[in-house]
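Visitor: Could you walk me through this model?
Guide: Gladly, let us look at it together.

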Amino acid sequence: MRNVDDLYELARQLPAGERLRLVERIVHDLSAGPAAGERFDWSQLAGVAPGLSGGDAQAWVSRAREESERRQHGPRGR
């Protein structure tokens, strides 16, 4: 079984847009609630989304996705 550091290194190899999709899926799974007998410490998420700081999470994800697409595809209209 891989540990978190191994998985993180694998995830870093993905394009930024795919990493965002992975984060969305993980957050969605976590939002369903902890597994039976497991308690999640939400303070572990502190600092995971730089630039969010009390803003709307969906807007942050959309903005991050747009920035990622710009980095991957360069400026449009060229």
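This is a predicted model: local features need pLDDT of at least 70, side-chain atom pairs count only at pLDDT 80 or more; totals for chains, interfaces and linings use all residues.

Guide: Residues are numbered from 1 along each chain as its sequence is written, and side-chain values use heavy atoms, with hydrogens and water left out.

Visitor: Which helix of the protein chain has the highest confidence?
Guide: Confidence here is pLDDT, the predictor's score for each residue from 0 to 100. The protein chain has a mean of 79, with 88% of its residues at 70 or more. Helix H3 (residues 57–73) is lowest at a mean of 83, and the highest, at 90, is helix H1 (residues 4–12).

Visitor: How many helices and strands does the protein chain have?
Guide: Helices (H or I, at least four residues) and strands (E, at least two) are DSSP runs, numbered from the N terminus. The elements run α-α-α from that end. The count is therefore three helices and zero strands.

Visitor: What percentage of the 78 residues count as buried?
Guide: Buried means under 20% relative accessible area, exposed over 50%, and partly exposed in between (1.4 Å probe, protein chains only). Among the 78 residues of the protein chain, the buried share is 10%.

Visitor: Which helix supplies the largest share of the lining of the largest pocket?
Guide: A pocket is an open set of points on a 1 Å grid over the protein atoms alone, where a 1.4 Å probe fits, with protein on both sides within 12 Å along at least five of seven lines; lining residues have an atom within 4 Å of a point. There are 32 lining residues, with Arg19, Leu22, Val23, Ile26 and Val48 nearest the centre. H1, helix H2 (16–31) and H3 each give at least two, but the largest share, nine residues, comes from H2.

Visitor: Is Ser68 buried or exposed, and what does its side chain reach?
Guide: Ser68 sits in helix H3. Its relative accessible area is 1%, so Ser68 is buried. A polar contact is a pair of N or O atoms within 3.5 Å; within protein, one must be able to donate a hydrogen and the other to accept it, and residues adjacent in sequence count only if both atoms are side-chain atoms. At 3.1 Å, the Ser68 side chain reaches the backbone nitrogen of Gly17.
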